[in-house]
Amino acid sequence: MSTSVSAPPMASAFGGWLFVALLATLAAVPWFTGSVFHFHIGIMVCLAGMATGGLAVIAWVGQLSLAHAAFVGIGAYTSVLLVTRLDLPFLVGLPAAAVVAGAVAYIIGAPLLRLRGVYFVLITFALNELFRLVMLEFPGISGGSSGIAGVPKIQLFGITLAAQWQVYIFTLICLAVVMALLWLIRNGQLGRRFAAVEENPALAESSGIPTARTQSLAFVIGCAIAGATGSIMAHYVGFVSPETFAFQLSVSYVIMLVTGGRLALWGPLVGAVFLTPLPEFLRGAVEYQHIIYGVILIAVLRFLPQGLAGLPEQIARLRRDQR
Amino acid sequence: MPSDLSIRELTVNYGPVRALHGVSFDVPEGQIAALVGSNGAGKSTVLKAICGLVEPVEGTITVGGEAVAPKPGAALRLGVALSPEGRRLFGRLTVEENLMMGAYTVSDRRARREMLERVYGYFPRLQERKRQAAGSLSGGEQQMCAIGRALMAQPRVLLLDEPSLGIAPIIVAELGRIIEQISRGLGMTVLLVEQNAQMALSLAATGIVLETGSVKLTGTGHELLASPEIRAAYLGH
């Protein structure tokens, strides 16, 4: 029995192609239906997939951040302020969002990452609240509780992405870039270093791996991805407020990650594809949304500890055991 | 004979409890030394002190004449590698990835490959299973992988913590032979920390017996194995 972490979650090459074909079909659905609503959902899936991908990088070193929404928020505000106050183009705001979110992560990561497990989760929970409260305290920057409306649309080299399908293509490309980055990290020396720190920090440290620096690096990369996501989100939705990036958003990223598969490469994407459309289709039953999320989370933790991305492998193992 | 690892008057407290009282011993270069003693004698504390995981109240530890600072990683920089007791591997990484992690501090790519070949030479079973997740190996194979991982750092001193723990007797004998080959073949200094006094003392040029935090006896492995005191206390004869 071999369960290598570096092996793809798919049971076979055929399964892998099936998975890719399925994703491509799903991604093409809005064009078949032509519905603006479906394009909107597609964009939200891409954004959620990117943010959750960032969260996955942090999870690969064994930390679970409940402040991920705050970093999405930092990115969003960075980009919005640069574009609206300084009249800089979106293509400056986007990388700046990633850099600022990553820099904040670097600064606060040093003391925070000394904590492990539930203590890190708790401190990041507090951090997300802190972000929200601080932003509410400075309405001159954040627009206070009424936020900043009328954020200009995404503009690339003078072309404004006015139509939904244009934004959708742009977010698909961004998602592909994030997934490619995750793939590169995962299959390189850095990914093995992350896995070693995640699995056995004491042994990693005694092998000479700088565990503190490794965790900090993962935290910076993950939060920078969150920041970039925030920038795109703000310019697509056209509105930001401190409440947009409240604790609930962090929780949904965590639920997507765990449902998709915490340690699998495709986990964040699968989680986003599966869970983002749910609340959109359940608008009529908003009051049950969190109950449904909770039930899904419990079911996944009970029956699919590797998440949905681990499902093919689990089925393959069941078949082998029966034989 | 010059000594590679030298412990002088090492005293360690855990809160109000004194775990080691002035422990001194030397491990001669290129030889195997066995540190034996029953549960709670202080064997693991000696290792922790060498690796900088506990701070001694008194005493010095020197490797190749240089003092080891009481900080994690300090001993590693002076060429001491530890194969720890208990959770010894990265279970989800493959055997080869585990081994390569051991060579993290070795920057020369070719040296790493060469060492990997050597480790596979000592442990052919690891080569057969190199793409397998380390967590799926048997206990004995995991121990081999842990020793191999420590070797990959190309240490001058190899510390082995309870390599025989939880392993079938026939594999223990095989491991013993391989440890001897490694020490002889690479001229490596080995400190073997064991509850299995029989196995450890039969391999060792030098034996140190710890009892309740103090050195009770030292001698060559064969002397200690023959000593009636040791036979009565540790070998059950």
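Reader: Which residues in helix 3 of chain A meet which residues in helix 5 of chain A?

Author: First, the ground rules. This is a predicted model, where local features need pLDDT of at least 70, side-chain atom pairs count only at pLDDT 80 or more, and totals for chains, interfaces and linings use all residues. Residues are numbered from 1 along each chain as its sequence is written, while chains are lettered from A and ligands numbered from 1 in the order in which they are written. Helices (H or I, at least four residues) and strands (E, at least two) are DSSP runs, numbered from the N terminus. Residues are in contact if their C-beta atoms, placed from the backbone, lie within 7 Å. Here A:A69, A:A70 and A:G73 from helix 3 of chain A meet A:L127, A:N128 and A:F131 from helix 5 of chain A. By class, that contact has four nonpolar, two polar and no charged residues. (Ala, Val, Leu, Ile, Met, Phe, Trp, Tyr, Cys and Pro count as nonpolar, Asp, Glu, Lys and Arg as charged, and the others, Gly among them, as polar.)

Reader: Why do residues three or four places apart point the same way?

Author: An α-helix has 3.6 residues a turn, so residues at that spacing point the same way.

Reader: At what angle do helix 3 and helix 5 of chain A pack?

Author: Axes are lines fitted to C-alpha atoms, for helices over the stretch in contact, and angles run from 0 to 180 degrees between N-to-C directions. These two pack at about 35 degrees, with their axes 8 Å apart.

Reader: How many residues of helix 8 of chain A are buried?

Author: A residue is buried if 20 or more other C-beta atoms lie within 10 Å of its own, exposed if 12 or fewer, and partly exposed in between, with C-beta atoms placed from the backbone. In helix 8 of chain A, nine of the eleven residues are buried, including A:F194 and A:V197. The cover includes helix 2, helix 7, helix 9 and helix 10 of chain A, together with helix 3 of chain B.

Reader: In what order do the six strands of the open sheet in chain B stand?

Author: Strands pair if DSSP finds at least two bridges between them. The order is 6-7-8-3-9-10, with mixed pairing. Strand 6 and strand 10 of chain B stand at the edges, each with a single partner strand, so one side of each is left without a neighbour in the sheet. The twist averages 15 degrees from one strand to the next. Six bridges join strand 9 to strand 10 of chain B, which run antiparallel, and B:T206 stands opposite B:T220.

Key:
Two residues are in contact if their C-beta atoms, placed from the backbone, lie within 7 Å.
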